[in-house]
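Subject: Structure for your files

Hello,

Here is the structure I said I would pass on. My notes on its nonpolar cores and aromatic rings follow below it.

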Amino acid sequence: MLVWSLMVMVAAAAMMRPWPLARAQTLCRTRTVRTGKVFNVSKQAHRESLHFSSTTVLLRHPCERNIAVYLGQQIFFTRDNFESSLLPFTMPEWTMITAPEVTSAHFSGGALLLVVNGKVFGYNYRDNLWFQSQGINHPVSHVSGDNCCFAKNALCVEISNDIFAYMQGDELAQAHIYFSNNGGYSFDLFVFESQAANPGMLGGIFHFHPLSQIGILIVDKGMAMFQYTDYPLNRSLGMAFPYKDTMNVVLTPGQKGFIILWSQNNLFVSPNSGQLVNTVQLQQEGKIQFPSIFDTNITIHNIAANENELAVLTRESNLFYGNLGFLSTPAIKLVDQSLWSPEAALTFHSSGMLEILTPVVDTAFAAFDFQKCSMNMQAILMDPNLHIEKCKIELLEGQFDEDLYTIDMKSSLLLSAFFIPRPGTSPIPLVMVSNPHSLGLHATMSEFGSTLDGNTQYRLDIKLEQQQHSGKTDPKFTSSIKRPTLSTLTVDVANKDISCVDMKPLSTLISVGCDLRKKIMVQNKVSACSKGILNAVELQKNYTYVVEKESYDPNFLGHKATNDLFVTYPYKELGCPRLVYFNAPWKPVVELWQGDELQEVVTAEYVLLEVNGLFTYSYSLTAGTALCRTQPQNWTTIKQDSTTWNRENYVSCWEPSENPPLLWPDVPYQVLGGPTSNEIIFDQRNGIYIFYLSIVDPHYSYCHLYTTFSIYVYGAYPLPVVPPEITIFLLVSGMLLCLWLAYIIPKLLNTQCGLSIKNFWRRLGAKVWAFCSCSWLRSLLRRMGLRSLLRRMWARMTQADRRPEASPSPATPDQDPVSK
């Protein structure tokens with residue numbers, strides 16, 4: 001009985017002991033694709049097929065999942081996920097390349113970029129066109145880039161178009177690095193600060209958009225680390241890690257900041273764009289068995305990764321599967337099924353759907369078939385023999401998932417997520433941003449009702465704002481406020497189980513930058529047309545006005561031109577000009593609009609420039625009266641270095657800067673708005689002015705806010721022919737002369753000379769009256785009523801000439817000249 005009991009116990013123990021993983025279950029059943037065999041192969045008979053120089057890789061387009069390229073001894077390009085037989089990929093005849101060897105490949109928007117024999121070629125698969133990249137003058141081995149699949153807008157297109165080309169293994173100080181911002185069609189030489197002073201070799205260069213940094217992988221003395229080009233990460237290096245063999249760097253899709261570095265004997269994962277680098281841990285029965293899967297003596301054949309999953313295929317036919325975690329990256333070893341072959345390529349077709357692809361030669365056709373081994377990871381992980389715990393999350397959702405949002409200067413954003421934990425568990429939600437130097441967050445969790453089966457539902461309220469304005473960080477921690485940045489918001493669960501295949505993290509891209517819906521307009525309440533000064537109908541008929549040569553300068557330097565300028569008024573763009581009185585200081589009222597909604601009246605600093613070069617206006621403030629500490633900028637200095645004055649090249653004259661000290665305080669201060677009361681003062685000239693207005697305050701908005709508007713200045717009288725100084729001199733001199741004559745003439749008349757002059761004029765008057773003693777004149781004077789007036793004047797004159805001792809005698813009719 002005792003022996004029987006021992007046998008039962010041994011049998012029970014044997015049943016409780018885990019079965020070897022090889023006996024758990026078969027991972028997949030293979031199938032072979034044999035379709036589409038009818039090809040016109042004559043055109044490709046004389047072409048040389050491409051082949052890949054490294055271990056086999058399958059590269060899938062992150063946004064268009066059915067588009068992929070297989071890189072091996074033969075290269076195949078597919079648009080239907082290899083669901084049809086394919087001919088090997090070949091180069092066109094005009095490339096004139098023999099034995100074409102591909103060293104790197106990358107999907108850039110609608111094109112496949114290939115590095116072939118040191119040159120970069122592109123295949124636009126939408127238009128079925130090949131092109132060779134321009135601007136690369138030295139051999140390169142690799143291209144690198146990223147793809148944005150969240151939203152089809154200008155920002156995502158810009159992310160997808162940023163491409164680097166370089167020669168891996170070059171000395172960093174002498175390395176020739178090329179950069180393209182148009183998807184690889186043309187490149188320019190890229191040089192970063194302190195490149196010449198850096199020792200070591202170039203392991204790669206990448207644009208880490210989730211961190212808004214360019215990262216350079218530097219390899220030196222068996223160790224590697226990332227160096228960053230922009231503040232504040234340019235002050236230090238990333239975490240160092242061993243670098244034995246030449247490593248491939250994979251940027252996982254989704255802009256979360258995950259990168260995978262691998263070779264045959266190395267595998268590292270970084271959750272934050274190279275700042276921290278971790279190993280992939282081997283997990284068994286919920287516990288960490290080895291800190292690195294390389295402790296099991298494996299040789300990696302290739303890897304596959306998507307937004308949150310990782311799979312590794314080894315030459316020992318081992319298959320490892322894990323999830324990319326921000327705290328750690330655990331992986332489990334699946335069954336030892338015979339999966340490996342030199343041509344096998346591992347890939348994720350979709351979330352949780354892993355596939356091993358192997359080309360198969362067909363002796364009867366030139367096209368290759370494809371053997372597929374598809375695995376549903378969710379079904380595989382449910383095998384009880386694997387002893388994997390159930391996922392602690394039943395639901396994790398948010399409307400912001402896989403979208404793009406914009407936070408402009410001093411703005412904020414509110415988002416919400418919901419999750420339901422499995423009963424009896426207490427998962428800890430994680431809310432993370434990939435670029436904390438730029439984006440700050442504040443998250444709160446609260447209960448949000450219950451489900452029908454009694455599970456508690458929780459709500460996460462997330463407030464996002466620019467880190468510089470959060471008030472929670474030291475100014476030295478944050479990135480430059482003038483530079484727009486990107487960050488990815490991710491909502492996940494801490495230490496999420498591997499079984500949570502279908503419960504992928506919520507993720508969205510946050511742009512701390514320009515809100516493209518914003519625009520500025522200049523208020524136009526009183527126009528020249530509404531007051532009848534100009535006619536709107538006439539303005540629409542190619543209305544042309546003249547700008548005098550004395551009033552404008554085509555070079556915007558304030559010098560007089562040699563010819564008059566004839567300007568056709570653009571009524572369709574500007575409408576009727578605003579009305580401005582010339583003798584009143586003026587500045588425009590600028591409005592900020594977001595879409596069709598008025599947001600506010602702009603109080604930020606801005607500048608004006610007359611687009612035709614008119615300089616018949618000035619400013620009410622000078623550099624001295626504006627209390628500038630340094631010499632302020634002006635349009636003359638801006639035009640020497642740039643074509644426009646905006647927020648990126650504006651330097652305040654009140655803040656310490658590299659500008660020269662205030663040496664000329666009397667120069668006009670040409671910035672309006674802001675803390676000053678600066679205004680425009682017009683000269684005495686009527687006419688139309690067309691102004692370009694640009695917001696230059698770097699702390700107002702990340703957008704380049706600008707507009708063009710017109711005004712009509714009225715009320716200025718024509719300038720006098722004689723200068724006003726001469727007119728005033730002559731007027732004052734004449735008044736003084738009159739006063740002097742009024743004083744001196746009475747005195748001169750009482751002298752002997754004065755009496756002679758008076759007698760002369762009296763005799764002359766008598767002769768004149770005698771000459772005019774005609775009847776028609778007397779009749780005319782009588783009608784006009786002047787006869788009696790002249791008689792009285794004559795009486796006074798003759799009475800004044802009599803001596804005092806002579807007695808007056810009545811005038812006879814014969815002595816009255818008027819009566820005569």
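Trp586, Tyr617, Tyr619, Phe682, Tyr689, Phe691 and Phe709 are joined by ring pairs into a cluster. Please keep in mind that this is a predicted model.

Trp586, Phe682 and Phe691 turn up again in the largest nonpolar core, where they are among the residues with the most contacts inside it, together with Leu693, Ile695 and Ile711. That core has 44 residues. Strand S48 (residues 687-695) supplies its largest share, six residues. Beyond its neighbours within four places in sequence, Ile711 is in contact with Trp586, Phe682 and Phe691, and also with Pro577, Arg578, Val580, Gly687, Ile688 and Tyr689.

There is a second, separate core of 30 residues, with Leu172, Phe206, Val219 and Phe268 among its members.

Two charged side chains lie over rings. Arg685 is placed over the face of Tyr689, 5.4 Å from the ring centre. The charged end of Lys639 sits over the ring of Phe556, at 4.9 Å from its centre.

As for aromatic pairs, the structure holds 38 of them. One is formed by Tyr321 and Phe348, with 6.5 Å centre to centre and 55 degrees between the planes, which makes it a tilted pair. Tyr321 belongs to strand S26 (residues 319-323) and Phe348 to strand S28 (residues 345-350), so this pair ties together parts that lie 27 residues apart in sequence. Tyr321 and Phe348 are both buried.

Regards

Note on methods: Residues numbered from 1 in each chain as written. Predicted model: local features only at pLDDT ≥ 70, side-chain atom pairs only at ≥ 80, totals over all residues. Heavy atoms only, no water. Core = buried A, V, L, I, M, F, W, Y, C linked by side-chain atoms within 4.5 Å. Buried < 20%, exposed > 50% of the residue type's maximum accessible area, 1.4 Å probe, protein only. Helix = DSSP H or I, 4+ residues; strand = E, 2+ residues; numbered from the N terminus. Contact = heavy atoms within 4.5 Å. Phe/Tyr/Trp six-rings, centres within 6.5 Å; stacked < 30°, edge-to-face > 60°. Lys NZ or Arg CZ within 6 Å of the ring centre and 35° of its normal.
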